[in-house]
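My notes follow in the order in which I checked things.

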Amino acid sequence: MSIAQTLAQHAIQPEVGEYNTFKFVQPGDQIAGVIESVRWDFKTQFEASADLIAIIDETDGIKKDVWVSTIQLKNGLKLQPVGPGGQPLGRPVQAGDQVLIRLDSITPLEGGKSMKNYSVGILPGNGQPPVYTPPSPQAGAPVASQPAYGQAPAQPSVTAQMGYTAPQTGAPVASQPAYGQLPAQPPAQPGMPGDGAIPF
């Protein structure tokens, strides 16, 4: 039996990369949610070593992949992650952690290249990946809003827990009191019978 015939008996098809990659295109692009899985130092057809995290996006509940390809993301997610209050996490991010990754700016470099600058926020989780159920809307039916990664709708979002709110364009700005003035007080509520000073 030839080598080719022997190997043909044990040949398998390599994994085909089916990724739903989240792309950071312009400043302000962000993804926040719970990490469903991490893959550190795996081989792809293009690179000898790659890092990838899958996040259940809190905005739509869909799993999206983020390639950890820049040194800034590698430091923030794998090598030197920092948790709440600036405390070192002491480990790479893992399934169950809540994460926010935001593209803050793009710095032009010589030769027509550019460098993307990111912010990363991490809330450690319980080490358990969230349950992912792909959306399957019925034909013609509107897609119902699902709470992200199995949390109740009243649960605050990852971005809210991390204290970040995206700027809203065109939103009305609430009026603020002028410097040195007290804010307007809500109208007084009517008292209950018996409230007030006792006439002695």
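This is a predicted model: local features need pLDDT of at least 70, side-chain atom pairs count only at pLDDT 80 or more; totals for chains, interfaces and linings use all residues.

**Entry 1: a buried charged pair**

With that cut-off in hand I looked up Lys-64 and Asp-57, and I found that both residues are buried. Their side chains meet in a salt bridge, with 2.7 Å from N to O.

**Entry 2: the chain as a whole**

I then stepped back to the overall layout and recorded three helices and five strands in the protein chain, which follow the pattern α-β-β-β-α-β-β-α when read along the sequence. The chain has 200 residues, and buried residues make up 26% of them. I looked up the surface as well: the chain exposes about 14,400 Å², and carbon and sulfur atoms supply 57% of that area. Among contacts with a separation of 6 or more, residues 24 or more positions apart account for 57%.

**Entry 3: salt bridges between elements**

How many salt bridges does the structure hold? I noted eight, and among them I followed the one between Lys-63 and Glu-36, whose side chains meet at 3.9 Å from N to O. Lys-63 lies in strand β3 (residues 63-67) and Glu-36 in strand β1 (residues 30-42), so this pair ties together parts that are 27 residues apart in sequence.

Next I turned to Asp-41 and Lys-78, which form a salt bridge with the closest N and O atoms 2.9 Å apart. Because Asp-41 lies in strand β1 and Lys-78 in helix α2 (residues 71-79), the pair ties together parts that are 37 residues apart in sequence. Lys-78 is buried, with a relative accessible area of 16%. I also noted that salt bridges with shared partners join Asp-41, Asp-51, Lys-74 and Lys-78 into one network.

**Entry 4: the surroundings of Asp-41**

Which residues does Asp-41 touch, not counting residues up to four places away in sequence? I listed Ser-49, Ala-50, Asp-51 and Lys-78. With Ser-49, the side chain of Asp-41 also makes a polar contact of 3.2 Å. The C-alpha atoms of Asp-41 and Leu-52 are separated by 8.6 Å, and these two residues are eleven residues apart along the chain.

**Entry 5: the nonpolar core**

I then looked up the largest nonpolar core, which has 17 residues, and found that Phe-24, Ile-53, Ile-55, Val-66, Leu-77 and Ile-101 touch the most other members. At least two residues of this core come from each of β1, β2 (50-57), α2, β4 (98-108) and β5 (114-123), and β4 supplies the largest share, three residues. Leaving aside neighbours within four places in sequence, I found Leu-77 in contact with Trp-40, Ile-53, Val-68, Pro-92, Val-93, Val-99, Ile-101 and Val-120.

**Entry 6: a loop residue**

Last, I checked Gln-26, which is found in the loop between α1 (3-10) and β1. Not counting residues up to four places away in sequence, Gln-26 touches Leu-103 and Ile-106. I also noted 9.9 Å between the C-alpha atoms of Gln-26 and Arg-102, which are 76 residues apart along the chain.

Definitions and conventions: Residues are numbered from 1 along each chain as its sequence is written. Side-chain values use heavy atoms; hydrogens and water are left out. A salt bridge is a side-chain nitrogen of Lys or Arg within 4 Å of a carboxyl oxygen of Asp or Glu. Helices (H or I, at least four residues) and strands (E, at least two) are DSSP runs, numbered from the N terminus. Buried means under 20% relative accessible area, exposed over 50%, partly exposed in between (1.4 Å probe, protein chains only). Contact means heavy atoms within 4.5 Å. A polar contact is a pair of N or O atoms within 3.5 Å; within protein, one must be able to donate a hydrogen and the other to accept it, and residues adjacent in sequence count only if both atoms are side-chain atoms. A nonpolar core is a set of buried Ala, Val, Leu, Ile, Met, Phe, Trp, Tyr and Cys residues joined through side-chain atoms within 4.5 Å. Accessible areas come from the Shrake-Rupley method with a 1.4 Å probe; for residues, only the protein chains shown count as cover.
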